[in-house]
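Please look over the sequence and the model below. A short report on selected features follows.

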Amino acid sequence: MFTLVLVGFVGGIVTGISPCVLPVLPVVFLSSGATGGRDGSGRRPLLVVLGLTLSFSVFTVLGSLVLRALPVPQDIIRWGGILILVLLGVGMIVPRVEQWLERPFQRLSPKAPEKDRGGFLLGLALGAVYVPCAGPVLAAIAVAGATGKFGPSTLALTLAFAVGTGLPLLVFALAGWRIADRIKAFRTRQRGIRIAAGVVVVGLAVALTFNVTDAVQRAIPDYTNALSDKVNEAGAVAKALGTGGATGALGECQSDAENGLAPQLEDCGPAPQLTGLNGWLNTPGDAAPQLTGKVVLVDFWAYSCINCQRAIPHVTAWSKAYEKAGLEVVGVHTPEYAFEHVPANVAAGAQRLGITYPVALDNDYETWDAFHNESWPADYLIDATGKIRWVGVGEGMYPQTEMLIRRLLTSAHPDVTLPGATDVPDLTPTSPFQTPETYLGAGRAQSYQGDAPLQPGTATFSAPAKLSENAFALGGTWAVTAESITAKKNAVITLNYTAADVYLDVGGTGTVTVTDKGQTRTYQVSGAPNIYTVVHTKALDSGILKASLSPGLSAYSFTFG
């Protein structure tokens with residue numbers, strides 16, 4: 001239990017400093033400082049953050065479960081929070097409205113300064129509309145609450161997460177109050193400051209109404225993504241709560257995905273049925289699509305999940321590119337928050353994100369449970385015989401995933417002609433020090449460094465004496481295409497990397513001999529292109545490796561972990 005609480009607390013702190021809190025920070029900052037410094041009370045920042053963390057925690061754990069038992073709209077909490085934000089913002093601008101709003105609190109706290117009474121209410125409203133990134137801890141809590149699988153462990157985890165999230169927010173709130181206390185302009189121009197704070201509060205409500213906050217969050221890289229992954233190695237939180245994780249072949253594939261292993265085709269067992277659904281979007285007559293004999297990509301997502309929003313452009317591109325070749329993409333929308341149970345909200349979210357493939361509404365988590373899924377986003381690639389061949393968790397590794405899709409399509413239809421690979425920018429957050437994915441083909445080899453230009457055709461290359469960070473060079477003779485390089489004679493790739501693990505996507509029949517830090521290893525390669533681990537260390541490290549490929553082998557990219 002102690003470990004679970006510690007994980008929840010750390011996970012809350014990570015969420016509290018993530019880009020997903022940015023939409024509420026201006027309100028927390030200004031509303032805490034808009035009480036007049038020495039003329040106001042230092043309790044207001046605490047009340048704002050206390051209200052936010054309390055309401056958010058309650059709505060996350062109990063919102064979906066309680067609302068489904070009541071004859072009220074599932075998104076009533078969110079719209080109620082937005083309405084209260086508008087009223088509170090107007091109250092800051094128009095004193096009479098504020099007095100009317102604070103009247104109910106006078107009996108509850110008659111001794112509290114007038115400007116403190118609305119702080120807790122503001123925090124409650126912010127908690128109702130606050131939608132942070134679906135990190136592993138929050139995902140596990142949401143699943144436990146939505147499925148009714150919560151007990152003492154879930155309660156302890158939720159409280160620890162709430163405290164952790166509240167600490168960074170409290171720092172911002174206290175900063176706003178202290179600035180108001182120390183800067184004379186905040187005291188002498190209090191009326192103008194309150195009006196400005198009111199405008200910001202109303203502005204947040206408007207931004208939430210029109211989903212502007214989603215676009216803001218997508219535009220800012222999630223610099224806490226690596227920290228979030230460390231908090232929940234191998235799905236530990238969900239397993240501790242008993243809300244996720246399969247056994248057998250599917251469980252092994254899920255563990256591989258959680259541990260960040262490079263995508264490769266596996267036998268993960270027969271695919272479960274899509275069951276207990278509440279309807280379909282983007283299908284004729286809202287009926288289930290025909291999946292028999294097709295290669296199927298099942299993508300679990302939620303429309304307000306920022307991580308999902310960054311991944312969906314890739315899924316959409318695959319659907320459009322390979323539909324005629326036999327690929328069927330099915331988006332399984334399993335709600336994380338109560339307002340995501342409303343089909344109209346999901347349909348609007350899908351439209352905003354450009355989703356045209358079939359979307360199954362899994363409001364009761366029955367398909368989620370059938371797959372033993374435990375995170376958003378998550379992908380299950382199924383071959384034409386109905387077997388799961390690959391599981392993906394979270395963002396990233398899109399080129400490798402597309403390679404597996406292409407391979408399954410070719411296996412199912414040997415005479416199929418596939419279009420060129422899609423080219424969608426990868427916005428997956430990575431360590432600022434880790435080498436980014438390195439493409440070797442002429443089409444996207446941005447980090448190539450050599451004496452001869454890298455262009456389609458056969459040429460002989462010489463590596464420079466010194467390579468820049470994250471760059472690669474070629475030696476020997478290579479046949480170059482837009483997507484790959486094929487070894488001809490004395491073919492060597494030299495790479496200057498920073499990573500714990502280095503993976504090479506290579507296909508054909510032959511050997512790859514890798515020299516790194518004075519050690520040489522040889523790898524046997526055969527068959528269709530696959531991911532081979534050529535460097536593995538326990539921590540982030542830098543080095544220069546040389547990979548010698550026997551004639552006929554084709555290399556596509558280096559990826560890193």
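## Gly476 and strand β9

Leaving aside residues up to four places away in sequence, Gly476 touches Ala459, Thr460, Phe461, Lys489, Asn490 and Ala491. Gly476 sits in strand β9, which covers residues 472-480. Its relative accessible area is 14%, so Gly476 is buried; the cut-off for buried is under 20%.

Ala487 is eleven residues from Gly476 along the chain. The C-alpha atoms of Gly476 and Ala487 are separated by 8.3 Å.

## The protein overall

This is a predicted model. The protein has 561 residues, and 53% of them count as buried. Its secondary structure comes to 18 helices and 14 strands.

Take the contacts between residues at least 6 apart in sequence: 77% of them join residues at least 24 apart.

## Helix α4

Helix α4 runs over residues 76-93.

The buried residues of α4 are Ile77, Arg78, Gly81, Ile82, Leu85, Leu88, Gly89, Gly91 and Met92.

## Helices α15 and α18

Helix α15 (residues 306-322) packs with helix α18 (residues 398-412). The angle is about 25°, and the axes are 12 Å apart. Angles under 35 degrees count as roughly parallel, and α15 and α18 are therefore roughly parallel to each other. Their crossing is right-handed.

Which residues of α15 and α18 meet? From α15 come Arg310, Ala311, His314, Trp318 and Tyr322. From α18 come Tyr398, Thr401, Glu402, Ile405, Arg406 and Leu409.

The 15 residues of α18 should span 21 Å at 1.5 Å a residue. Its end C-alpha atoms are 21 Å apart, which agrees. α18 is mostly covered, with eleven of its 15 residues buried. These are Tyr398, Gln400, Thr401, Glu402, Met403, Leu404, Ile405, Arg406, Arg407, Leu408 and Leu409.

Lys320 lies in helix α15. Is Lys320 buried or exposed? Its relative accessible area is 57%, so Lys320 is exposed. Lys320 and Tyr357 are 37 residues apart in sequence. From C-alpha to C-alpha, Lys320 and Tyr357 are 8.5 Å apart in space.

## The loop between α17 and β5

Helix α17 covers 366-370 and strand β5 covers 378-382. Ser375 lies in the loop between α17 and β5. Ser375 counts as buried because its relative accessibility is 12%. Leaving out residues up to four places away in sequence, Ser375 touches Phe300, Trp368 and Val393.

His372 is in the loop between α17 and β5 too. His372 is not a glycine, yet has a positive phi of about 55°. With a relative accessible area of 38%, His372 is partly exposed. Pro377 is also placed in the loop between α17 and β5. The peptide bond from Trp376 to Pro377 is cis, with omega near -15°.

Where is Met397? Met397 is found in the loop between β6 (388-393) and α18. Phi of Met397 is near 55°, a positive value in a residue other than glycine. Its relative accessible area is 24%, so Met397 is partly exposed.

Note on methods: Residues numbered from 1 in each chain as written. Predicted model: local features only at pLDDT ≥ 70, side-chain atom pairs only at ≥ 80, totals over all residues. Heavy atoms only, no water. Helix = DSSP H or I, 4+ residues; strand = E, 2+ residues; numbered from the N terminus. Expected span 1.5 Å × (residues − 1). Buried < 20%, exposed > 50% of the residue type's maximum accessible area, 1.4 Å probe, protein only. Contact = heavy atoms within 4.5 Å. Axes fitted to C-alpha atoms, helices over the stretch in contact; angles between N-to-C directions. Parallel < 35°, antiparallel > 145°, perpendicular 65-115°, else oblique. Left-handed = near helix turned anticlockwise from the far one by under 90°.
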